[in-house]
Each structure stands twice: as structure tokens, then as C-alpha cells.
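Trainee: Can we go through this one together? I'd like to know what stands behind each label.

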Amino acid sequence: MPHFLTQVAKDLLAYSPTLSRQAIILPSQRAAVFLKKELSQQLAIPVWSPYIGTIENFLLETLEWEKADQPSLIFDLYDCYTNVTAEPRESFAEFSQWANLLLADFNELDRYNVDAKQLFMYLSDVERIKHWDLNPESGMSEMVKNYLKLWQDLPALYQAYTSYLKNKKKVYQGLAYREMASRIDELIPGLKKQFDHYIFVGFNALNTAEEAILTSLHKEGMARFYWDVDDYYFKDKNQEAGNFLRQSKLVKRLIEKDEFYWRHTEISSNPKDIKIIEVSGRQLQAVAANASVIEMQHEGFENVAVVLADEELLPLFLNNLADEVGTLNVTMGLPLGKTPAAGFFQLLIDIALEQELQQQKGAKHPKIHNQKWDRLLGNPLFKTWSQNAELAEYLRYQIREKNRIFIDATDLMDWSEGKLNPKVAAFFHSLLHSKPSKLWRTLSQIANTINQEHQKKDSLLQSLFSFFQLFNRLGDLMDEYPVVEDLKTAAGFYR
């Protein structure tokens with residue numbers, strides 16, 4: 001059976017050879033990239049590319065909104081929190097520890113069109129009953145009273161926050177879903193002027209807002225759907241993989257109108273050859289996966305997919321990749337925190353945090369454990385930054401020779417006898433007086449310096465540029481929202 005996107009591309013071109021006035025919407029950017037590739041391979045003549053994008057981008061562009069990044073959302077949420085709640089209220093450092101959870105709840109509320117006011121009032125009553133004491137003389141502690149007060153404030157906080165974001169036109173994903181679903185009827189005339197049809201490809205578990213949007217477009221005759229659905233899990237109620245589709249009101253509507261196309265029996269009709277290889281440990285799993293890929297290539301299988309059970313296995317798999325593998329399409333992201341550069345920058349941040357902690361305790365010359373200094377001086381990126389690998393090794397020797405457990409930055413500068421790179425020396429000196437924004441600006445300069453010194457065009461170069469962008473963004477945030485006063489809170493945003 002041809003690939004799903006290959007079939008979709010063929011059918012789209014048969015329906016509209018030039019693809020004019022067609023908007024094609026997919027669940028992810030990756031799917032959009034591969035559909036474009038399929039269309040380009042099947043086109044016989046040059047055509048203008050149709051609109052091909054994700055559902056999220058489609059909503060944001062229709063509403064003329066932007067998606068805000070997570071740190072900005074947290075800062076804006078805290079501003080609204082201080083406006084709608086009375087004293088005593090939590091500091092930003094305390095608030096930031098649970099703000100992500102609240103934002104995730106807001107996002108799900110909006111994606112599923114839940115009445116936020118009623119839900120939070122209900123949860124507030126539940127929490128109040130949990131802390132209900134039959135002994136009126138004991139009363140509630142101030143901590144419990146403040147805790148319950150927070151639950152009571154959530155409806156007002158949600159209302160103030162969502163109104164604030166909509167006015168700024170910078171929102172989180174769920175809010176765009178809710179707004180589009182609530183305004184879809186008034187937006188349809190404008191959508192009709194843009195495109196004749198909105199073609200939704202490869203969707204599965206639709207949330208409530210998505211169903212409302214897609215159903216409205218279908219009622220207007222503007223929506224077409226391509227489903228990659230196998231009867232093996234769709235018809236069998238014991239198969240959980242089909243639950244979302246079986247319960248979908250949109251799917252039920254399409255079945256009633258005999259428009260639920262593209263179902264197939266690929267899973268049950270084609271024989272499967274399953275081979276189980278038992279290995280112990282993550283390293284051996286990566287080795288075994290590589291061996292299987294080589295074996296399949298020798299047998300002439302062109303299309304081989306390696307599906308890893310855990311993203312932690314990806315670096316191990318890539319590190320054990322055989323030379324015989326010519327090309328590889330990695331469709332899973334490697335987290336920035338797993339790159340070699342992450343360990344280097346984390347050491348610098350840990351030293352800064354340790355110095356801040358000791359300063360808060362009254363230490364004028366904070367001292368850092370020798371193991372941290374040893375790891376930092378031995379890091380290849382430190383040697384690139386300092387531009388003196390021999391001096392770095394000499395300082396490591398001095399740490400072991402003098403047998404001192406705690407060492408401050410001044411000691412290292414003295415031992416270097418003025419040979420330490422001035423930029424490196426200035427960094428350690430500035431740590432004693434760093435504010436969050438200054439630390440991030442300095443780290444972005446370090447990332448840029450190492451980036452320029454590094455010669456190879458490899459994944460390290462890409463990760464250094466990503467850290468450069470990350471630290472610049474954090475510096476901008478700390479300048480824009482000066483409520484972060486300590487490095488410990490700032491480091492939470494970095495993580």
C-alpha cells in the first residue's frame with residue numbers, strides 16, 4: 001500500500017491539478033514538510049504552492065494573533081495575579097514554581113471549551129470542604145486561609161489574564177482554539193474569500209474546540225478530510241487507539257453522510273514479520289537497533305523507520321551509527337539540555353548560583369568546591385573560550401597540588417600569574433555582582449565567542465547558536481520584567 005501522504009498528494013492533484021484556492025492543514029509542521037515533498041514529486045508542471053500549514057498556524061493567522069513564549073506568559077500571568085489578588089500574595093519566586101501548572105490547566109480548559117468560572121468555583125468548594133473543621137474553636141490557620149483564597153481568586157485571574165492576552169494579541173495555543181471556536185460563524189465569510197476549501201489531513205484525537213471549528217466548516221461545505229484510519233482499531237471497541245475517533249461527533253456526522261473516507265485494512269490484511277531481540281541495558285539497545293538497520297539495508301529494504309521507546313536512546317543510537325548508513329532522517333528533536341554545550345553552561349550557572357547563595361549568607365569572598373572548578377577547567381569548551389588549554393590544565397594541577405577543598409575565583413587568577421584570558425577573569429569577577437539580566441548577556445557573549453572559535457560545521461555549532469539565542473532572550477525578559485531579583489529564580493526560567 002502506498003504511503004498515506006503519497007495517496008493524499010495524488011488525490012489532491014486529481015481533485016485540483018493547480019491546487020489553486022485550496023488550504024491544506026495538517027497536525028504538525030513535519031507532516032506539512034513531507035506533504036510538500038510528495039506534491040513536488042507528483043507535479044508535472046510548475047504551480048503556485050497552495051497554503052500548507054499546521055492547525056495552530058491556521059488559527060493564529062485567521063485571528064491575526066501571535067503565539068507567546070512560555071516565559072512571557074508567566075510574567076504576564078504574574079502581573080494579572082498582582083492586580084486581581086489582595087495582600088498577602090506570593091512573591092514572583094514562589095509564584096513561578098506553580099505558574100507552569102496553572103498555564104497548562106488554562107490551556108486544557110480552553111482547548112476543551114470548559115467554563116472556567118464554574119470549574120474553578122467547584123474546585124474551590126472541594127478544597128474548602130477538604131479543610132473543613134468541625135471544631136469551630138480551632139479555626140483555620142493563616143496558611144490554609146491563604147490557600148483557599150487563591151482558589152477563590154482563580155476565576156477572576158483567568159478572566160483578567162485571557163482578556164489581557166487577547167488585547168495584546170499574543171496568546172497561548174488553547175486560547176486561540178477557544179476564540180476561533182466561539183467566533184467561527186462570524187469568521188466564515190472571510191475564510192470563504194480566502195480559499196474555496198480547507199482540507200484537513202491526518203487528524204485523529206480532536207479536542208472540543210477543534211471539533212466545533214471543523215464541523216462548522218463542513219456544514220458550510222468548505223471542509224474536506226483525509227483520514228488515515230485502519231478498521232482494525234476503529235471498528236473493534238476493545239482497541240483503545242480508536243476511542244477518540246469512535247467518540248468524535250464530527251466523525252459520526254461524516255459517517256451518517258457517507259463522507260468518512262480513507263479507511264483501510266492495512267494492519268489486518270498484510271502479514272507481519274516480528275522478530276524480538278533481547279538485550280540488557282540502554283547501550284546494547286542502541287547497538288542492537290543499529291545492527292538491525294544494517295541487516296535490513298543488506299536485505300534491500302529502502303524505507304526503514306527506527307522507533308525508539310525513549311528519547312534518551314537517541315544520542316546512544318546516533319553515537320553507535322555504523323558507517324554503512326549513508327543518509328538518515330532524524331524526525332525526533334535532540335533536547336538542547338542533552339548537548340555537550342549544556343554541561344559547560346550549566347557549570348558556569350552552578351558557580352554563579354553557589355556564589356549568590358554564599359553572599360546571601362554574608363560571605364565576602366565566596367568559595368567553590370574544587371570538583372566544580374576541576375570539571376569547568378577540564379571542559380573542552382572552557383579551553384576554547386579561554387584560548388589557553390595548557391593554562392587550564394596547569395590550574396587543574398594547582399588545585400590538586402595545593403589540596404584545597406574550597407577555592408575562590410581570585411585564587412585561580414593569582415595562580416595563573418596574569419595569563420588568564422581577561423574576558424574569563426572579568427566573568428568570574430562579575431559573578432560577585434551579577435544581576436540576572438547581566439549574567440544572561442555575559443553567557444550569550446561567551447556562546448558567541450566559542451561559536452566563532454569553533455571551526456567544524458557540526459551539531460555543536462548549532463547548539464552554541466541556540467544557546468546564544470536563548471541567553472539573549474532571557475536577558476530581554478529580565479530587562480522587560482524586573483520582578484526577577486535573584487539568580488535562583490532566573491535559573492528556573494533557563495531550565
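Predicted model: local features only at pLDDT ≥ 70, side-chain atom pairs only at ≥ 80, totals over all residues.

Trainee: What makes arginine 183 partly exposed?

Mentor: Its relative accessibility is 24%, and partly exposed runs between the buried and exposed limits, so arginine 183 gets that label. Glutamate 179 has 13%, so it counts as buried.

Trainee: Why do we say that glutamate 179 and arginine 183 meet in a salt bridge?

Mentor: A salt bridge is a side-chain nitrogen of Lys or Arg within 4 Å of a carboxyl oxygen of Asp or Glu. Glutamate 179 and arginine 183 have N to O at 3.4 Å, so the pair meets that definition. Both sit in helix H8, four residues apart, about one turn of the helix. Helices (H or I, at least four residues) and strands (E, at least two) are DSSP runs, numbered from the N terminus.

Trainee: How many salt bridges does the structure hold?

Mentor: There are 24. Arginine 21 and aspartate 196 make one of them, with closest N and O atoms 2.9 Å apart. That pair links distant parts of the chain, 175 residues apart: arginine 21 is in the loop between helix H1 (4-15) and strand E1 (22-26), aspartate 196 in the loop between helix H8 (173-194) and strand E5 (197-201). Arginine 21 is partly exposed at 36%, and aspartate 196 is partly exposed at 38%.

Trainee: What is the phi of arginine 21?

Mentor: Near 55°, a positive value in a residue other than glycine. Most residues other than glycine have a negative phi. Lysine 169 is also not a glycine and has a positive phi of about 65°; its place is in the loop between helix H7 (142-168) and strand E4 (170-171).

Trainee: Which residues touch the most other members of the largest nonpolar core?

Mentor: Phe200, Trp227, Phe344, Phe345, Trp373, Trp440 and Leu443, out of 113 residues. A nonpolar core is a set of buried Ala, Val, Leu, Ile, Met, Phe, Trp, Tyr and Cys residues joined through side-chain atoms within 4.5 Å. Leaving aside neighbours within four places in sequence, leucine 443 is in contact (heavy atoms within 4.5 Å) with Phe345, Leu348, Ile349, Phe427 and Phe471.

Trainee: Why are H4 and H5 called roughly perpendicular?

Mentor: Their axes come within 9 Å and cross at roughly 110°. Axes are lines fitted to C-alpha atoms, for helices over the stretch in contact, and angles run from 0 to 180 degrees between N-to-C directions. Angles under 35 degrees count as roughly parallel, over 145 as roughly antiparallel, 65 to 115 as roughly perpendicular and the rest as oblique. H4 and H5 are therefore roughly perpendicular to each other. Among the residues making the contact are Leu73 and Tyr81 of H4 and Phe95 and Leu103 of H5.

Methods. Residues numbered from 1 in each chain as written. Heavy atoms only, no water. Buried < 20%, exposed > 50% of the residue type's maximum accessible area, 1.4 Å probe, protein only.
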